[in-house]
Amino acid sequence: MSEVNIAKRKDKCENCTKQCNKKQSDDGANSKQTTEDVNGQVNEGSQLLLSACLSCDGCLSEEDSLKISQQSLEEVERVLALNKRCDVSKHKVLVASVCPQSLPFFAVKFGLDITEAAHKLCSFLKSLGVQYVFDTTLAAGFSILESQKEFIQRYRRRNHDSHALPMFTSSCPGWIRYSERVLGSLVTPHICTARSPQQIMGCLVKDYFSKQQKLSPEKVYHVVVAPCFDKKLEAVREEFYNSLLETRDVDCVLTSGEIYYLMEKRKVSVEELDSLPLDQVLGEAGDVALVRHDGKGSEGFLEHVFKHAAKELFGLDVQEITYKTLRNRDFQEVTLERDGETLLQFAAVYGFRNIQTLVHRIRKGRVPYQLVEVLSCPGGCLSGRGQAESEAGGRVDKALVQQMEEAYSSLPVRLPEVNPTLHTLYQDWLQGQDSLQANKQLHTEYRNQSQIHAQPPHMQW
């Protein structure tokens, strides 16, 4: 996260106490107003908006702030500079993994289709000194398959486990951080334990790929290119750090915008770049066509789990999913019915305002859904502030997002179930789909951290 961005975010708050009772100074958020709080009481005075909580770094420890400050272009350039020196003991193999939601950004900026833009991006990264450039769609496939399996397990124990359903998706670090620090045990037992695509990619690079290359994990420096600043927070989580080897699964997250800024800073034109195909984790020769998963602007966890559950639980083959818009285009639901009976009801909830509505309903016990795909950014991952913010800053560039959506939808959809590379890796890397190794590398747990961050007394829902 850049210093400028951190400063801009911290300007939103005048003060942050241990109870996270922030008084906002921007956008008139500290004006007098009357609203219903989480307990149904009516409070007057300054209100804490969920958007401010998720976008503020005021509750980060000094250690957290230091770790995030190292997620920067300067740090990557420092590693690259060390590689150019003669001290081989300090050399590292640089690996970059690019999120599929970042590729449409470069396609629009370069004025190319996604495949050609990916080749140009690969060429630029390798010109810097990066040795391997991967696409994280493979890791997303693992995350989707594990989420599908976990949902089926949760559904089957729903009658004797009050925490089984609803299941919340776990790929959005802004949502996860808010759940752990503020909502606590109300939500954390319901969060899917499958790691996000970013962190599965981290395991794939630092465990499987490094072994294939006969490298110790700490000799690999892994950079992820992502559409979202919050992915930096995810990379520094304690459970994704190997204290024995002193290495992280993901060493540094750079946003799409930061990479594009670096290109501008170095005055690199797209025309002068070669077209280099992305590398493959299994080392296959030749270019492999880029694909995406179901979903308009994200990895499509809802759609994949919905179709899988319909088939696995009820023997129904769902080809197309029809979304019903509720409050707005970022609060939609999907229903599976048979003979007038509702079998499944899922929801996609994107953006701060809709998350407020969701949590308000959770507290009142009015959530009819078995699964909710939750993302902090309105419109999904394509709208991540690391690539969709206008040049003026502070607002999403809607025209850019629309162009990215069109570019993203041009990619063909491929079900992870039919990806032979995934099946090979399940056997060669993880010793099977239900092995202890698969559980260790593909899952994590989310903890209630709200004991020291009591429920804010003036939270606006």
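This is a predicted model: local features need pLDDT of at least 70, side-chain atom pairs count only at pLDDT 80 or more; totals for chains, interfaces and linings use all residues.
Residues are numbered from 1 along each chain as its sequence is written, and side-chain values use heavy atoms, with hydrogens and water left out.

Of its 461 residues, 56% count as buried. Buried denotes a relative accessible area under 20%, exposed one over 50%, and partly exposed a value in between, computed with a 1.4 Å probe on protein chains only. A contact is defined by heavy atoms within 4.5 Å. Among contacts between residues at least 6 apart in sequence, 72% join residues at least 24 apart.

Rolling a probe the size of a water molecule over the atoms shows where empty space is left. A cavity is a set of points, on a 1 Å grid over the protein atoms alone, where a 1.4 Å probe fits but cannot get out, and its lining residues have an atom within 4 Å of a point. Grid points are joined across faces, edges and corners, and a volume is the space filled by probe spheres set on the points. The structure holds 4 cavities of 30 Å³ or more.

Two or more lining residues come from each of the elements α9 (197-212), α10 (230-235) and β13 (371-375). By class, the lining comprises 11 nonpolar, 9 polar and 4 charged residues. In this classification Ala, Val, Leu, Ile, Met, Phe, Trp, Tyr, Cys and Pro are nonpolar, Asp, Glu, Lys and Arg are charged, and the others, Gly among them, are polar. Domain 1 (62-139 + 196-291) and domain 2 (142-195 + 293-418) each contribute at least three residues to the lining of the largest cavity, the domain bounds being taken from an automatic or database assignment.

The second largest cavity holds about 110 Å³ of space. Its lining consists of 13 residues, and those closest to its centre are V76, L125, L128, L254 and I259. At least two lining residues are supplied by each of α4 (73-83), α6 (114-128) and α11 (256-265), and α4 gives the most, with 4 residues. The lining of the second largest cavity divides into 11 nonpolar and 2 charged residues, with no polar ones.

T137 lies in helix α7 (residues 137-156) and counts as buried because its relative accessibility is 9%. Residues up to four places away in sequence aside, T137 touches P100, V291 and H293.

S170 occupies the loop between β5 and α8 (173-183) and is buried, with a relative accessible area of 5%. A polar contact is a pair of N or O atoms within 3.5 Å; within protein, one must be able to donate a hydrogen and the other to accept it, and residues adjacent in sequence count only if both atoms are side-chain atoms. The side chain of S170 reaches the backbone oxygen of A194 at 2.8 Å, and a polar atom of that side chain lies 3.1 Å from the backbone oxygen of C192. Beyond neighbours within four places in sequence, the contacts of S170 are I176, I191, C192, A194, S196 and Y446.

D330 is placed in the loop between β10 (324-328) and β11 (331-338) and is buried at a relative accessible area of 11%. A polar atom of the D330 side chain lies 3.0 Å from the backbone nitrogen of G379. With neighbours within four places set aside, D330 is in contact with A348, V349, Y350, N354, P378 and G379.

Backbone geometry was also considered. Most residues other than glycine have a negative phi, and most peptide bonds are trans. K214, which is not a glycine, has a positive phi of about 55°; K214 lies in the loop between α9 and β6 (220-226) and is exposed, with a relative accessible area of 75%. A cis peptide bond, with omega about 0°, joins L165 and P166, and P166 is located in the loop between α7 and β5 (167-168).

Note on methods:
On a 1 Å grid over the protein atoms alone, a cavity is a set of points where a 1.4 Å probe fits but cannot get out, and a pocket is an open set with protein on both sides within 12 Å along at least five of seven lines; lining residues have an atom within 4 Å of a point.
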